[in-house]
Amino acid sequence: MAVFSIQRCNPDEQIVLDVGEGMLRIYGLTSFSAPLNSVTLRHVEIGKYEGGELVVDSEGFCGNVRLTLAEYIQADHYFKVINQYNHEVTLQ
């Protein structure tokens, strides 16, 4: 199965969509994992800011990861590819 990595603007951070394991993994100052089916990708426009958010709601853990526009475009593409085959992730 595929593993997709979202290139972050901060090179010390990494977002990995592991389709084989069905997991979202985020590495950086704080690292965590969550099931892919608990993740929603949301487009965000606030004033002059445009980008996105990964919204995680898994087993009592809720959190948002803000994405730049470039990161959001990558994530949106990967989520569409994953959904073609697995229907695991949610786009809003």
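1. The largest nonpolar core has 20 residues, and those with the most contacts inside it are I15, L17, L24, L41, L54 and L67. By nonpolar core we mean a set of buried Ala, Val, Leu, Ile, Met, Phe, Trp, Tyr and Cys residues joined through side-chain atoms within 4.5 Å. Buried is under 20% relative accessible area, exposed is over 50%, and partly exposed lies in between (1.4 Å probe, protein chains only). Two or more residues each come from β1, β2, β3, β5 (39-46), β6 (49-58), β7 (61-67) and α1. Among these, α1 gives the most, with five residues.

2. A quick word on what you are looking at. This is a predicted model, in which local features need pLDDT of at least 70 and side-chain atom pairs count only at pLDDT 80 or more, while totals for chains, interfaces and linings use all residues. Residues are numbered from 1 along each chain as its sequence is written, and side-chain values use heavy atoms, with hydrogens and water left out. The strands (E, at least two residues) and helices (H or I, at least four) are DSSP runs, numbered from the N terminus.

3. Leaving out residues up to four places away in sequence, L54 touches I15, L24, V39, T40, L41, G63, N64, V65, L67 and F79. Here contact means heavy atoms within 4.5 Å.

4. Next, have a look at the open sheet, where four strands run in the order β1-β2-β3-β4 with antiparallel pairing. Because β1 and β4 (32-35) stand at the edges with a single partner strand each, one side of each has no neighbour in the sheet. From one strand to the next, the twist averages 15 degrees. Two strands count as paired if DSSP finds at least two bridges between them.

5. I6 stands opposite I15 in β2, I15 stands opposite I26 in β3, and the bridge partner of I26 in β4 is F32.

6. Is strand β2 (residues 14-18) largely enclosed or left open? Four of its five residues are buried, so β2 is largely enclosed by the rest of the structure. Helix α1 (residues 69-85) lies across β1 and β2, running at about 165 degrees to β1. That angle is between N-to-C directions, on a scale from 0 to 180 degrees, with axes fitted to C-alpha atoms, for helices over the stretch in contact.

7. Finally, please look at D18, found in strand β2. D18 counts as buried because its relative accessibility is 13%. Leaving aside neighbours within four places in sequence, D18 is in contact with A2, V3, M23, R25 and L36. The D18 side chain also reaches the backbone nitrogen of E21 at 3.1 Å.

Terms used
Polar contact = N/O pair within 3.5 Å; in protein donor to acceptor, adjacent residues only side chain to side chain.
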